[in-house]
Amino acid sequence: MFNSIKPLFQAKPLVIVLTKIDLTKFAELEESTRTAINELAKSANAYLIQMSNISGDGIGDVKSKACDMLLDHRLT
(Lines give C-alpha, C1' and ligand atoms only; values in the text may rest on other atoms or scores of the structure.)
Protein backbone atom coordinates (compact mmCIF):
# COMPACT_ATOMS: atom_id res chain seq x y z
CA MET A 1 0.00 0.00 0.00
CA PHE A 2 2.76 2.45 0.91
CA ASN A 3 4.38 2.10 -2.51
CA SER A 4 1.15 3.19 -4.20
CA ILE A 5 1.01 6.48 -2.23
CA LYS A 6 4.77 7.08 -1.94
CA PRO A 7 4.79 9.66 -4.79
CA LEU A 8 2.56 11.91 -2.66
CA PHE A 9 5.34 12.20 -0.09
CA GLN A 10 8.26 13.09 -2.36
CA ALA A 11 10.22 16.08 -1.11
CA LYS A 12 8.38 15.97 2.22
CA PRO A 13 9.67 14.76 5.58
CA LEU A 14 8.42 11.29 6.37
CA VAL A 15 8.24 9.27 9.57
CA ILE A 16 7.24 5.62 9.44
CA VAL A 17 5.91 4.54 12.82
CA LEU A 18 6.09 0.88 13.75
CA THR A 19 3.30 0.37 16.27
CA LYS A 20 2.29 -2.54 18.50
CA ILE A 21 5.84 -3.07 19.77
CA ASP A 22 4.33 -4.31 23.01
CA LEU A 23 3.16 -7.35 20.99
CA THR A 24 6.17 -7.91 18.74
CA LYS A 25 9.35 -5.88 18.80
CA PHE A 26 10.98 -4.93 15.51
CA ALA A 27 14.09 -6.93 16.44
CA GLU A 28 11.92 -10.05 16.90
CA LEU A 29 10.51 -9.95 13.36
CA GLU A 30 11.86 -12.29 10.71
CA GLU A 31 15.01 -10.97 9.11
CA SER A 32 13.34 -10.76 5.69
CA THR A 33 10.57 -8.60 7.16
CA ARG A 34 13.04 -6.31 8.93
CA THR A 35 15.07 -5.99 5.74
CA ALA A 36 11.97 -5.13 3.69
CA ILE A 37 10.91 -2.45 6.20
CA ASN A 38 14.41 -0.95 6.35
CA GLU A 39 14.68 -0.90 2.54
CA LEU A 40 11.27 0.76 2.27
CA ALA A 41 12.29 3.45 4.75
CA LYS A 42 15.61 3.98 3.00
CA SER A 43 14.02 4.25 -0.46
CA ALA A 44 11.51 6.79 0.88
CA ASN A 45 14.19 8.67 2.84
CA ALA A 46 12.00 8.10 5.91
CA TYR A 47 12.81 7.92 9.58
CA LEU A 48 11.66 4.74 11.40
CA ILE A 49 10.36 4.96 14.96
CA GLN A 50 8.88 2.22 17.13
CA MET A 51 6.10 2.88 19.61
CA SER A 52 3.37 1.32 21.73
CA ASN A 53 0.14 3.01 22.74
CA ILE A 54 -0.35 0.45 25.51
CA SER A 55 2.96 0.95 27.30
CA GLY A 56 3.58 4.48 26.02
CA ASP A 57 7.04 3.55 24.77
CA GLY A 58 8.19 5.73 21.89
CA ILE A 59 5.21 8.10 21.81
CA GLY A 60 7.35 11.04 22.88
CA ASP A 61 9.97 10.08 20.30
CA VAL A 62 7.35 10.11 17.52
CA LYS A 63 6.04 13.51 18.58
CA SER A 64 9.50 15.02 18.95
CA LYS A 65 10.85 13.68 15.67
CA ALA A 66 7.74 14.69 13.71
CA CYS A 67 7.82 18.21 15.16
CA ASP A 68 11.56 18.58 14.55
CA MET A 69 11.23 17.38 10.96
CA LEU A 70 8.28 19.69 10.28
CA LEU A 71 10.15 22.67 11.71
CA ASP A 72 13.27 21.86 9.67
CA HIS A 73 11.14 21.45 6.53
CA ARG A 74 9.40 24.79 7.03
CA LEU A 75 12.68 26.61 7.59
CA THR A 76 14.32 25.29 4.43
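Modeller: Helices (H or I, at least four residues) and strands (E, at least two) are DSSP runs, numbered from the N terminus. This is a predicted model, in which local features need pLDDT of at least 70 and side-chain atom pairs count only at pLDDT 80 or more, while totals for chains, interfaces and linings use all residues. Residues are numbered from 1 along each chain as its sequence is written, and side-chain values use heavy atoms, with hydrogens and water left out.

Biologist: In what order do the elements of the protein chain run from the N terminus on?

Modeller: The protein chain has 3 helices and 2 strands. Read from the N terminus on, these elements follow the order α-β-α-β-α.

Biologist: Which residues of strand β1 are buried?

Modeller: Strand β1 covers residues 15-18, and its side chains alternate between two faces.

Biologist: Which residue in β2 is the bridge partner of Val17?

Modeller: Strands β1 and β2 (residues 47-50) run parallel and are joined by 4 bridges; two strands pair if DSSP finds at least two bridges between them. Within β2, the bridge partner of Val17 is Ile49.

Biologist: What is the handedness of the β-α-β unit?

Modeller: The unit consists of β1, helix α2 (residues 31-43) and β2. A crossover is right-handed if, with the strands pointing away from the viewer, the path from the first strand over the helix to the second runs clockwise. The β-α-β unit here is right-handed.

Biologist: Is Asn45 buried or exposed?

Modeller: The relative accessible area of Asn45 is 68%. Because of this value, Asn45 is exposed.

Biologist: What percentage of the residues of the protein chain count as buried?

Modeller: The C-alpha trace of the protein chain spans about 35 × 25 × 15 Å along its principal axes. Of the 76 residues of the protein chain, the share that counts as buried is 21%.

Methods: Buried means under 20% relative accessible area, exposed over 50%, partly exposed in between (1.4 Å probe, protein chains only).
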